[in-house]
Amino acid sequence: MLDRAREPYFVSLDGNEQYNDIAALLELWRRMQGAPQLQRLVSSILFIEQPITRAHALDGDVSALSRVKPVITDESDDELAVFPRARSLGYSGVSSKCCKGLYKSILNAARCANWNAEAGTPRYFMTGEDLTTQAGLAVQQDLALVNLIGIRHVERNGHHYVNGMAGLPEAEQAQFLAAHPDLYEQTHGAVRVKIRRGQLDIGSLAAPGFASGAYPDWENLKPMV
């Protein structure tokens, strides 16, 4: 299906912890390179994300693969010291996720800038994922974070799995829509993220407060049990 596209496309290959060591992954990569039907896909891959299970991701050097395609860590990035250690093993990047800490993302972005300045080349980088943050305060603050650290392309998942803000009171939906008409729209029975040609307009997030002109209906929130 991708080969039918006339324009160039670019993809990331999410290994999603499918391998226990670099040897098995290198074998997969060699087979992909040798398959004629995969040549356009292989040439379009920008980087490979967390191919080795988190239990073994930092056990060995991945430079044999990263010399061909950059390899980044994601699920195994569970504390502040992981990215420097991963860098010493040949990893080139790390993902930003609000659920893993706003300040860790900012610190890792600063690390990339510092390491690239030392190397004189943009070798180290960050990617962005919202995991499953939902429309409203969560997705807005994640958008503000990635904008701050300069990530322009983000893997957005949350709005694919739920029916927009349909689970929220109508008055709350209306407040978010009124405060951020560039980011949201009312369609198919609910307020939801407005996507145009794969892009989100986030201009209204640049306002006093942490990226929001509206807030949840705190009085009607129910405790988790």
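Tyrosine 215 is partly exposed, with a relative accessible area of 40%. That value falls between the cut-offs of under 20% for buried and over 50% for exposed. The model is predicted. Tyrosine 215 belongs to the segment that comes after strand S8 (190–193).

What does tyrosine 215 contact, once its neighbours within four places in sequence are left aside? The partners are Leu137, Glu172, Gln175, Phe176 and Gly209. Histidine 153 lies 62 residues from tyrosine 215 along the chain, and their C-alpha atoms are separated by 26 Å.

Now turn to helix H1, residues 22–34. H1 has 13 residues, and at 1.5 Å a residue it should span 18 Å.

Which residues of H1 are buried? They are Ile22, Leu25, Leu26, Trp29 and Met32. These residues cover an arc of only 120 degrees around the axis, which puts them on the same side of H1.

The buried residues of H1 are covered by elements including strand S1 (11–14), helix H2 (39–44), strand S2 (45–49) and helix H3 (63–66). Arg31 and Gly34 are exposed, on the face of H1 turned away from the buried side.

The N-terminal end of H1 is capped by aspartate 21. One of its side-chain oxygens lies 3.1 Å from the backbone nitrogen of alanine 23.

Definitions and conventions. Residues are numbered from 1 along each chain as its sequence is written. This is a predicted model: local features need pLDDT of at least 70, side-chain atom pairs count only at pLDDT 80 or more; totals for chains, interfaces and linings use all residues. Side-chain values use heavy atoms; hydrogens and water are left out. Helices (H or I, at least four residues) and strands (E, at least two) are DSSP runs, numbered from the N terminus. Buried means under 20% relative accessible area, exposed over 50%, partly exposed in between (1.4 Å probe, protein chains only). Contact means heavy atoms within 4.5 Å. The expected span of a helix is 1.5 Å times one less than its number of residues. The arc is that of the directions from the helix axis to the C-beta atoms. A polar contact is a pair of N or O atoms within 3.5 Å; within protein, one must be able to donate a hydrogen and the other to accept it, and residues adjacent in sequence count only if both atoms are side-chain atoms.
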